[in-house]
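Welcome! Please take a moment with the sequence and the structure shown here before reading on.

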Amino acid sequence: MFTTGAESLLRQARAGPQPESRPVTAQGGVSGSLVAGLPTPSSLFRELRDEELGRLCARVCALLREEDWGPDAPDALRRLFLIVSATKYNRRLERPCLALLQTTLCSPTCPEQLQLLCAAVLREMSPCDSLSLSCDHIQNTRQLGLVASVLLAQGDQQQVRSLAQRVLKVLESRQPEGPSLRHLLPIVSKVTSLAPDALREEQTRALSKRLGDWLRYASVQQAVAHSSGGFFSTPRARQLGPVTEVDGAVATDFFTVLSTGQRFTEDQWLNVQAFSMLRAWLLDSGPGGSSAPDADDKSELEGSTLSVLSAASTAGHLLPPQQWLREKAFEYCQRLLEQSNRRALKKADSDLQKACLVEAVLVLDVLCQQDPSFLYRTLSCLKPLHTRLRGDPAWVRALLPVAQFFLHHGEAAAVDAEAVYQHLFTRIPAEHFHSPMLAFEFVQFCRDSLPLFGRSLGILRTSFPNLFKFLAWNSPPLTSDFVALLPSLVDAGTAVEMLHLLLDLPCLTAALDLQLRSLQAASERPPWDVSIRAPGCLEALRDSQVQGLFQHLLRAHASGTVERLTPLYRLLQPLAGCARVVQCAEAVPTLLRAFFSAVTQFADGALASQLALLLLERSDSLYQVPGYEAGVHRWVPPGGLRPSCGSMAQPWTGSLTPRALPLTAAVPQLPPTPAQPRHFLGHCTHPSLPTQAPRPRSLPERVSPLLKAQFMRAHPRSSPASSLVGQEVPGGAGTTFTSTWCSGASRHRPALLGPGRGAGVCVGQAQPTGPLAQGAELPVPGPVQAASSTGGRAGEGAAGVRGRPPQRRARAHIRGEAAAAPPQPAPDVRACHRAEVLSPTQVWAIGEYLSVSWDRRCTVEQINNFFEALEALLFEVTQSRPSTTLPKCPPQVITVLMTTLTKLASRSQDLIPRVSLLLSKMRTLAQSAATGSTPGEEGVGAIHTRATELLNLLKMPSVAQFVFTPSVEVSEPRYHRDTNTALPLVLRTVSRLVEREAGLLPG
Amino acid sequence: MVHAFLIHTLRATKAEEGLCRVLYSCFFGTENSPNDAQPHGAERDRLLRKEQILAVARQVESMCQLQLQACGRPAVDLQPQSSDDPVHLRESPCGAFRLTAGDPFQEPRTVVWLGVLSLGFALVLNAHENLLLAEGTLRLLARLLLEHLRLLVPTASLLLRADYIEGILTRFLPHGQLLFLNDQFVQGLEKEFSAAWPR
């Protein structure tokens, strides 16, 4: 069956002849010239009508029938090729034309150019049902190669096998001055990769023997030039001088691909071919390969086709062919290792040396896997090789196969390969992260070698800060690889640190950029965005504190510590606009998804809570890259904080009235909960309620991360640890209005605060420890305190309500975070600003989840407690006087507070009169265009509208209850899609009622 | 082993924005589909191959653009000033990425690509090829194609000179076999090619 990817491709392709789809895939879109804007002949070729094609075919036929294929033939064939290849849909050529193309291809006298074109057209037509091409009688090896290319394109296994037999036959014919065999070896290689069983066992053995000969016993003399016919037509030409090494010295040993000269003999060509296909051949024909088991049948040896030169070898004759080939391959690789040490005269040869070294090590690896007796000999040359390579940055890419070798064989050879890995994971990513190819290879290496790391996996895991440098610098091609790699990289010990680093990934990109700018000489710099200049950054780097953070961010291994990088964000801000940084930021949500799906596999409740908190606390402390924060917010689990009702709130508000948009905006704008975060949050709720399996998520647990987040936002400088420990709060200092209305709540947790400590602002901040750390009791006050902390701040912001001097208030607030911190207004201002972002969410959560349908412990008493707290909060934020130093309370907070109070009242109906009164007051307050900290005109409008709507709803308590506390299943999509289910109907009705009432009632 | 080679446009002109065009493509053999009980018919197989190549070309185009952006190089002024300007292949953007099994090929593949001015060259490789060799071969092919097809000359057409491309590929990448060719071997093959295709 075709795989899904293929299916989808085909579906797209068949989507119909859309104007887009045809030209997109059709080839030959523009003139091949690099100059843009020339008229494009492509459409002419693509849309050529059948009769025109017929005419061209007739012309081609006429030209091909001519005896000497006139000069027009290539031109006509080129056009034919273009027409056939320029569309993804089939072009039908007439049978005579097809037949002529095949005849021409097989004609022994036809010039190469025409044959190539015929083969290209036939290949473009393939798979083709009416092909009668056969390779049975072709002697010319070059021509056989062309025919083979057409046959292989048909995708017919039977054809592949018969081709293999034909090629083998020609290969074995051994005519002294016969056809050049070098055109055949690539076919053999291709055929065995396509159909591993195409060669018989004895054929495989015979060929192995010959490959060994070609590898080891190629001529060491150069071929002489011929005036015509090419140097390869007469392989054993008069020889002239020995071949040389890449550094110009006369070759001291046998010929290899790194031996050079003016002209090459046929067997030297075969040597190159043989080495090029060696690794694949060893894998395919060796033990575990798909064909030809390594029969130790020495009798085969006699029947093998020995080359003349191999007769020189002595002991080798006694080896079975497979072993013979391995022996020769080993010698060849050893010689390559030696040759790679020479200084090449030409740049191209120097590149080839590296590629050869990589291949040699890979071949040695295969040899040792197939025959462990090679191991000790190999180790003795690989150890010095590693020492040599690690000192030379130019050879860095060759280190990967060496490391892979040690991974495969380190244990068997009792070699401690730790040093190899240490060097690999410590130095290379840090120094070469900017090489895209190395980055790709390195990550591939990690991915492919995962099962082999065994006890060395720890090195890989702790090196994630280094590995992430590759990702940060080359995010587009590597993101998918890291998604695959993350589950193996993360464990319980590193999860927290890794999550921090993932969130800081764009910052890491910027830091790496800065590092490159500061370290390297201009000539050595890899290309980067020169349009962004950051001289200030470089200077600021000299600051010792910043240096420390910088080094922390660029650490090579997991440190087990977490640093707040905020100063670094500011410093690196000029680089935030770099395309590379933006690209990296775009990859982060995908990586976070992979991270969390990996973490949920092993995380226990404590870790899950820790990560959830971390996400919330980092949700507004991110490096400011355009669109980054939104990207992270759009995904991260806070969406999961509205578990299954997630999709409910928005349709609800939306259908109620479009005018309530400010409120909608205040409710968390998150997409329907993704499954994984919800799963993840399932962990967050951990075994708090072991006896209540059906409803494992208790409200406070759901809400408390939010409280924590809010605390962290308001107190950015305090460490999480200190905030979680109950702080010294002298009773008097914190006694704002909040403490009075919270007193009911604080009764529930005397242990936390201890005697003599008042319920100051920090009460709410200390609280989250309870449900998060133990989650044993039902800590009612959690949300209340959340609200109270908001209320506290807002209350403090509301100067004069309690007649407290502003400084005192500031002090009361600050004491919550750090006793030594000097009084400053900034936190308060920030808290109020943040209130706009956060408080509605949190208050909304109270209204949404404080219900028996979520937790049967939500008794009337609990609801009343919450109600009282929120009522006081609303009162405080609306009644405070305006202040020049403090911003106004945002209308979203007020509207959400009103809605939440109404929701609570709908669940405890005794409260309805109270909330009605309150809402009427709010309406009046809004009407009188509000002094105090109530917002400006648009806010007043929203508040007024909201109050009116809520009042109207409360007039019908049963409707109100249905609307405000819908059953859990309304989160199922069906309730929103299907117009016949009750919900949309009811919402429409209610909406109409409310709108009408709103219209009737005087404003 | 190389599974496919392709040349495609990188930065389409304004009129064709968003269109990535494959100018030349070549498969070396076909993928086996052992699980494929019933043959799908020639037409469908061909369509699938064309779509696979296009999928690769699109990805290469995005990768190339992203890399250029990341390096702060604007995409617009990459047209050659004149045909005499040497193209510095070393400075051309290049990279590699992985294609997972089934998307779009049945087996996992690695793509090595090189962007030269407005042309993209790409090799679709089997999963565990020697990438240093593949990268070197791709650069070599790009250089040869640029030189012998004189792609930088405004009137030159890549489309109507398929025989040049085929001639180069059969020598330097026979049946998709990556070859360890030292400089002298390359020169020898190049001479042989030039003799068969005088410029």
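## How to read the model

This is a predicted model, in which local features need pLDDT of at least 70 and side-chain atom pairs count only at pLDDT 80 or more, while totals for chains, interfaces and linings use all residues. Residues are numbered from 1 along each chain as its sequence is written, chains are lettered from A and ligands numbered from 1 in the order in which they are written, and side-chain values use heavy atoms, with hydrogens and water left out.

## Chain A as a whole

Let us begin with the overall make-up. Chain A has 49 helices and 2 strands. Both kinds of element are DSSP runs numbered from the N terminus: helices are H or I with at least four residues, and strands are E with at least two.

Of the 1003 residues in chain A, 59% are buried. Here buried means under 20% relative accessible area, exposed means over 50%, and partly exposed is in between, with a 1.4 Å probe and protein chains only. The accessible surface of the chain is about 39,100 Å², and 55% of this belongs to carbon and sulfur atoms; such areas come from the Shrake-Rupley method with a 1.4 Å probe, and for residues only the protein chains shown count as cover. Among contacts (heavy atoms within 4.5 Å) between residues at least 6 apart in sequence, 75% join residues at least 24 apart.

## Helix α15

Helix α15 of chain A covers residues 347-370. How far apart are its end C-alpha atoms? They are 35 Å apart, which agrees with the 34 Å that its 24 residues should span at 1.5 Å a residue. The expected span is 1.5 Å times one less than the number of residues.

Of the 24 residues of α15(A), 20 are buried, so this helix is largely enclosed by the rest of the structure.

## Salt bridges between chains

Over all chains, a search of the whole structure finds 43 salt bridges. The term stands for a side-chain nitrogen of Lys or Arg within 4 Å of a carboxyl oxygen of Asp or Glu.

One of them links the side chains of K88(A) and E51(B), at 2.6 Å from N to O. This pair joins two chains, because K88(A) lies in the loop between α5 (72-85) and α6 (95-106) of chain A and E51(B) in helix α1 (residues 42-70) of chain B. Both K88(A) and E51(B) are buried. In another salt bridge, the closest N and O atoms of E43(B) and R92(A) are 3.7 Å apart. This pair also crosses between chains, from helix α1 of chain B to the loop between α5 and α6 of chain A. E43(B) is partly exposed at 42% relative accessible area, whereas R92(A) is exposed at 65%.

## A salt bridge within chain A

D491(A) and R461(A) form a salt bridge, with 3.7 Å between the closest N and O atoms. D491(A) is in the loop between α22 (475-489) and α23 (495-503), and R461(A) is in helix α20 (residues 457-462), so the pair ties together parts that are 30 residues apart in sequence. D491(A) is partly exposed, at 23% relative accessible area, and R461(A) also counts as partly exposed at 23%.

## Two single residues

Q154(A) sits in the loop between α8 (141-152) and α9 (157-172) of chain A. Is Q154(A) buried or exposed? At 11% relative accessibility, Q154(A) counts as buried. Leaving aside residues up to four places away in sequence, Q154(A) touches several residues, including C128(A), L131(A) and R49(B).

A484(A) lies in helix α22 of chain A and is partly exposed, with a relative accessible area of 34%.
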